[in-house]
Amino acid sequence: MQVKEQLFALCATFVNTQLQTINAIITSNRKALLSETKSSAGDKHETGRAMLQLEMEKAGLQLANVQKMKLVLERFSAAGNHNKNAKNVHLGSIIYTDLHTYFLLISAGKLVVDNQEFYAISAASPLGKLLLGKQQNEVININGKQIKIKGIY
């Protein structure tokens, strides 16, 4: 399996793990909301329900974000990764820089393939937006740092 395929597989695993975790939290919070019974300490009961409701909203937002990542993965996979020899940074590119090596697909953090570190970033992230469309030897500026693109694969 090539490096890009391994990175894609790691991103898919990341998304599936996130989905399972968030769904488990939502299920647990639903059960807790349904099992909450009115107690003599009414204020305490209402506070507990409000906290659970906030947790449900937070989990709902996280679920929406992870579902967006899953959609990006599905679209990338369906597209067949056509731009294998593109000279510009595009979705699915591995970008070697003088700072780090990036995989432009979804925000999955640090991934390791064959003892090499890659940072999976989204095209919607500030760094991803700066990298999109760039070519080898171009320099971008982010947070006061200059980053030179050494190679694109």
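## Contacts, cores and burial in a predicted model

Outside the four places on either side in sequence, S93 is in contact with K4, N88, Y102, F103, L104, I152 and Y153. This is a predicted model. S93 sits in the loop between α2 and β1. Its relative accessible area is 0%, so S93 is buried. The side chain of S93 also comes to 2.9 Å from the backbone nitrogen of H90.

H90 belongs to the loop between α2 (42-79) and β1 (94-97). With a relative accessible area of 12%, H90 is buried, because the limit for that class is under 20%. A polar atom of the H90 side chain lies 3.0 Å from the backbone oxygen of N88. H90 and K134 are 44 residues apart along the chain, and their C-alpha atoms are separated by 8.5 Å.

The protein chain as a whole contains three helices and six strands. Read from the N terminus, the order of elements is α-α-β-β-β-β-α-β-β. The chain has 153 residues, and 33% of them are buried. Among contacts with a separation of 6 or more, 52% are between residues 24 or more positions apart.

Leaving out neighbours within four places in sequence, the contacts of N29 are L52, E55 and M56. E5 is placed in helix α1 as well. At a relative accessible area of 44%, E5 is partly exposed.

| Residue | Relative accessible area | Class |
|---|---|---|
| S93 | 0% | buried |
| H90 | 12% | buried |
| E117 | 39% | partly exposed |
| E5 | 44% | partly exposed |
| K110 | 49% | partly exposed |

In soluble globular proteins, nonpolar side chains tend to be buried together. The largest nonpolar core here has 25 residues, of which L7, C11, V15, L73, L105 and I106 touch the most other members. At least two residues of this core come from each of α1, α2, β2 (101-105), β3 (109-113) and β4 (116-122). A second, separate core has twelve residues, including V89, L127, L131 and I140. Apart from residues up to four places away in sequence, L7 touches I94, F103, L111, V113 and F118.

Technical notes: Residues are numbered from 1 along each chain as its sequence is written. This is a predicted model: local features need pLDDT of at least 70, side-chain atom pairs count only at pLDDT 80 or more; totals for chains, interfaces and linings use all residues. Side-chain values use heavy atoms; hydrogens and water are left out. Helices (H or I, at least four residues) and strands (E, at least two) are DSSP runs, numbered from the N terminus. Buried means under 20% relative accessible area, exposed over 50%, partly exposed in between (1.4 Å probe, protein chains only). A polar contact is a pair of N or O atoms within 3.5 Å; within protein, one must be able to donate a hydrogen and the other to accept it, and residues adjacent in sequence count only if both atoms are side-chain atoms. Contact means heavy atoms within 4.5 Å. A nonpolar core is a set of buried Ala, Val, Leu, Ile, Met, Phe, Trp, Tyr and Cys residues joined through side-chain atoms within 4.5 Å.
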